[in-house]
Structure formats: structure tokens, C-alpha cells
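Q: How should I read a structure such as this one? Please show me, one feature at a time.

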Amino acid sequence: MPEIVIRPLTQADIERLPGMELNFQAEAYLAVEKVVEGLNVTWRLVERPLDPPFISVDYNIDEQDQAEIAQRLKENDGLYLVAEHQGRLVALLDLEREAWRDTGMIWNIVVDRAYRRQGLGTRLIQRAITWGRRRRLRALALETQTNNLPACRFYQKMGFQLCGLDDHFYSNRDIERKEVALFWYYEL
């Protein structure tokens, strides 16, 4: 079987990104329990089962995503990689250096559903860590959701620390919808 090759993303690749199958399934999620007493606010994350499981149906790289990735690639102040197998794009790392906070922001780290659990995500994150250290950045940062427990477990396994959440990031009812933004950091 031909090897999966990780290589720099090109502008020509961007129109091919929507061909990846990025949906995911989660059997559980991180429920956000929020207690407010004046200015004293506490959050607690509790893993809870989902019945039925959450199955994403529209998680893909759309035209707006493509335009944003193209702009970051054009500015060329980051690490932009794809994995390719037999002429098909199967993974993407889209990491932009944010000089103002001396951090690398991972906008996209995605692996095609058929290619998951083969070490591609790990290889991409390892490349990101090496890249960030060579540039003397202080951290890598990324965001995911409480309903994407497989991604949360992956980030934790890779050494990222959960550093915050925003319970109004996507809507005014994120907690009810079981989709709260989580922010992760990897100290370099």
C-alpha cells in the first residue's frame, strides 16, 4: 500500500479540501455545569453518555473556510500541511503564528474519517510542536467543542492542557445544546 505523504499545503490543494470526510461520532460529551453567585462563577465539566450518540453531519471545510485558509497560506506566517494518499487529501494542519501573543493558533487539525487512528493526527501535532519550538513560541493553542469528546481525548493525550471555556461562543444556548467551546494550550 502506498505511503501517506505529509507535505506543504499549496493554493491548488485548497479547492480539494472539501473532499475530506470530517464528520465524527461521539458516544459521550463533556456536560458543563455552571454555578453563578454574583461575580463568583464556577464551571465543572462532567463526562456524560449521549443516547443516541452525537453524529455530526455538516462538519466540513466550506467556501468560507477555504477563503480563510487561502488567506493564511498567502500571508505565509505559519505551518500549513496536508497528508496525501494515492492522490487524495486525507488530513490538514492549518497553524498560524500570532506574533502579538507569541503563540501558534491551530485553526484546523483534521483527518479524514477513513484515515483516523493511524497516527496522522499525532504526526501533524508533532510537526506543529517542532515548528513552534524552532520559532521560540510560548505555546500552541486550539479550540474544540464539548461534544467532540474524541478530539478532546486526543488533545489531552498529545499534552495539551484545557485552559478555558466559553459558554456563549456559538450561540446563547451553548450549554443546552451540549456544544460549548473549549480552549486548549500546549506550552512549548
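A: Start with Asp94, which counts as buried because its relative accessibility is 0%. Buried means under 20% relative accessible area, exposed means over 50%, and partly exposed lies in between (1.4 Å probe, protein chains only). This is a predicted model, in which local features need pLDDT of at least 70 and side-chain atom pairs count only at pLDDT 80 or more, while totals for chains, interfaces and linings use all residues. Residues are numbered from 1 along each chain as its sequence is written, and side-chain values use heavy atoms, with hydrogens and water left out.

Q: Where is Asp94 placed, and which residues does Asp94 touch?
A: Helices (H or I, at least four residues) and strands (E, at least two) are DSSP runs, numbered from the N terminus. Asp94 belongs to strand β5. Contact means heavy atoms within 4.5 Å. Not counting residues up to four places away in sequence, Asp94 touches Ile69, Arg72, Leu79, Tyr80, Met105, Ile106, Trp107 and Asn108.

Q: Which side chain does Asp94 join in a polar contact?
A: A polar contact is a pair of N or O atoms within 3.5 Å; within protein, one must be able to donate a hydrogen and the other to accept it, and residues adjacent in sequence count only if both atoms are side-chain atoms. Here the side chains of Asp94 and Arg72 are joined by a polar contact of 2.5 Å.

Q: How do I read strand pairing, and how many bridges join β4 to β5?
A: Two strands pair if DSSP finds at least two bridges between them. Strand β4 and strand β5 (residues 88-98) run antiparallel and are joined by 8 bridges.

Q: Is β4 covered on one face or on both?
A: Both faces are covered. On one side Gly78, Tyr80, Val82 and Glu84 are buried, and on the other Leu79, Leu81, Ala83 and His85 are buried. For strand β4 (residues 78-85), that is 8 of its 8 residues.

Q: What is a salt bridge, and how many does the structure hold?
A: Side chains of opposite charge can pair when their charged atoms come close. The test is a side-chain nitrogen of Lys or Arg within 4 Å of a carboxyl oxygen of Asp or Glu. The structure holds 15 salt bridges. In one of them, Asp77 pairs with Arg97, and their closest N and O atoms are 2.9 Å apart. Asp77 lies in the loop between α2 (63-75) and β4 and Arg97 in strand β5, so the pair ties together parts that are 20 residues apart in sequence.

Q: Which residues are linked in a network of salt bridges?
A: Arg7, Asp13, Arg16 and Glu84 form such a network.
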